[in-house]
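Load the model in a viewer and keep the sequence panel open. The tour below goes from one selection to the next and says what is found at each stop.

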Amino acid sequence: KEKVEITKEQEALMKLIVDAYNKHQIPQDVTKKLLQEQYSTEENFILLTEIATSQVQVLVEFTKNIPGFLSLDHEDQIALLKGSAVEAMFLRSAQVFSRKMPIGHTEVLEERIRKSGISEEFITPLFNFYKSVGELHMSLEEQALLTAVTILTPDRPYVKDQQTVELLQEPMVDLLKKLCVLQHPQEPQYFARLLGRLTELRTLNHYHAEMLTSWRVNDHKFTPLLCEIWDVQ
Ligand SMILES: Cc1cccc(C)c1Nc1c(-c2c(F)cccc2F)nc2cccc(C)n12
């Protein structure tokens with residue numbers, strides 16, 4: 001059984017990705033608001049819109065720090081961001097939800113999300129996903145790399161040069177695989193479980209699109225950034 005080792009350049013790559021992931025967090029005041037006094041359904045939705053908007057900003061900043069991303073064709077950069085935004089945001093909010101919140105805060109946040117006018121058919125898969133991510137107890141490195149792997153998915157709609165995206169994604173996948181072996185030695189299937197989450201993520205794109213439409217129908221307002229990333233309005 002050969003020894004799994006992280007090379008010097010993989011060490012450097014991991015530091016870049018983790019620093020970028022850590023650097024760009026949702027401002028505390030935004031998340032704090034969700035935990036304050038009782039809100040109405042309308043108010044909850046407005047707060048979630050604020051959090052979603054700052055999550056998109058965080059996503060864009062993180063993506064710009066992925067080595068090689070900014071040297072991709074500009075239209076491909078946009079196609080990758082638009083194609084992965086929902087999945088990256090589900091991943092990030094799942095991680096914030098399952099590990100960053102002090103005890104008791106998670107329930108309050110869950111309550112706010114449930115009382116924001118979102119239909120039950122979306123709430124169930126959302127919290128099922130949060131739970132399945134939480135059960136993985138991912139390390140910060142794994143979270144950051146899995147998010148980078150998700151963003152660098154070559155077969156997003158409208159990506160022209162899939163080959164180059166694949167060349168960027170490969171070293172991330174290799175590094176993530178090694179990390180899983182090193183950080184979860186008792187669980188040889190851990191890496192496969194992580195990739196299984198990416199499959200589950202893809203199904204959530206559909207729910208999210210439905211949710212956007214139902215909000216539009218009920219004349220909910222979005223921010224310009226959310227309209228731009230999801231082509232609404
Ligand atoms: C911040 C948040 C947390 C949990 C559930 C939800 C519904 C939200 N908010 C939104 C999300 C969204 C997200 F930001 C992360 C994960 C899944 C998501 F559905 N997407 C959008 C798009 C337009 C408006 C909002 C309010 N919105």
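Start with the open site. By class, the lining of the largest pocket comprises 9 nonpolar, 3 polar and 7 charged residues; Ala, Val, Leu, Ile, Met, Phe, Trp, Tyr, Cys and Pro count as nonpolar, Asp, Glu, Lys and Arg as charged, and the others, Gly among them, as polar. The model is predicted: local features need pLDDT of at least 70, side-chain atom pairs count only at pLDDT 80 or more, and totals for chains, interfaces and linings use all residues. Residues are numbered from 1 along each chain as its sequence is written, and side-chain values use heavy atoms, with hydrogens and water left out.

**Stop 1: the largest pocket**

The volume of the largest pocket is about 400 Å³. Select Lys82, Gly83, Pro157, Ile229 and Trp230, which are the closest to its centre of the 19 residues that line the largest pocket. Helix H4 (74-100) and helix H9 (190-217) are the elements that give two or more residues to this lining, and H4 gives the most, with 7 residues.

The terms are grid-based. On a 1 Å grid over the protein atoms alone, a pocket is an open set of points with protein on both sides within 12 Å along at least five of seven lines, a cavity is a set of points where a 1.4 Å probe fits but cannot get out, and lining residues have an atom within 4 Å of a point. Grid points are joined across faces, edges and corners, and a volume is the space filled by probe spheres set on the points.

**Stop 2: the whole chain**

Zoom out and show the cartoon. The chain has 10 helices and 0 strands; helices (H or I, at least four residues) and strands (E, at least two) are DSSP runs, numbered from the N terminus. The radius of gyration of the chain is 18 Å, close to the 17 Å that the globule rule gives for 233 residues, so the chain is as compact as a globular protein of that length. That radius is taken over C-alpha atoms, and the globule rule is 2.2 Å times the number of residues to the power 0.38. Along the principal axes, the C-alpha atoms fill a box of roughly 55 × 40 × 30 Å.

Of the 233 residues in the chain, 49% are buried (buried means under 20% relative accessible area, exposed over 50%, partly exposed in between, with a 1.4 Å probe and protein chains only). Among contacts between residues at least 6 apart in sequence, 78% join residues at least 24 apart, where contact means heavy atoms within 4.5 Å.

**Stop 3: the largest cavity**

How many cavities of 30 Å³ or more are there? The count is 3. The largest cavity holds about 500 Å³ of space. Select Leu48, Ala52, Gln55, Ser93 and Tyr130, the closest to its centre of the 29 residues that line the largest cavity. Helix H2 (28-34), helix H3 (41-64), H4, helix H5 (105-114), H6 and H9 each supply at least two residues of that lining. Its classes are 24 nonpolar, 5 polar and no charged residues.

**Stop 4: the second largest cavity**

About 50 Å³ of space lies in the second largest cavity. To display its lining, select Gln55, Val58, Leu59, Ala88, Met89, Arg92 and Thr147. By class this lining has 4 nonpolar, 2 polar and 1 charged, and H3 and H4 each supply at least two of its residues.

Centre on Met89, which is in helix H4. Met89 is buried, with a relative accessible area of 9%. Leaving aside neighbours within four places in sequence, Met89 is in contact with Ala52, Gln55, Val56 and Trp230. From Met89 to Thr147 the C-alpha to C-alpha distance is 8.9 Å, and the two are 58 residues apart in sequence.

**Stop 5: Arg197**

Is Arg197 buried or exposed? Arg197 is buried, with a relative accessible area of 17%. This residue is found in helix H9.

**Stop 6: two loops**

Select His137, in the loop between helix H6 (120-134) and helix H7 (140-151). Phi of His137 is near 45°, a positive value in a residue other than glycine, and His137 counts as exposed at 63% relative accessibility.

Finish at Asp219, in the loop between H9 and helix H10 (224-229). Phi of Asp219 is near 55°, again positive in a residue other than glycine. With 56% relative accessibility, Asp219 counts as exposed.
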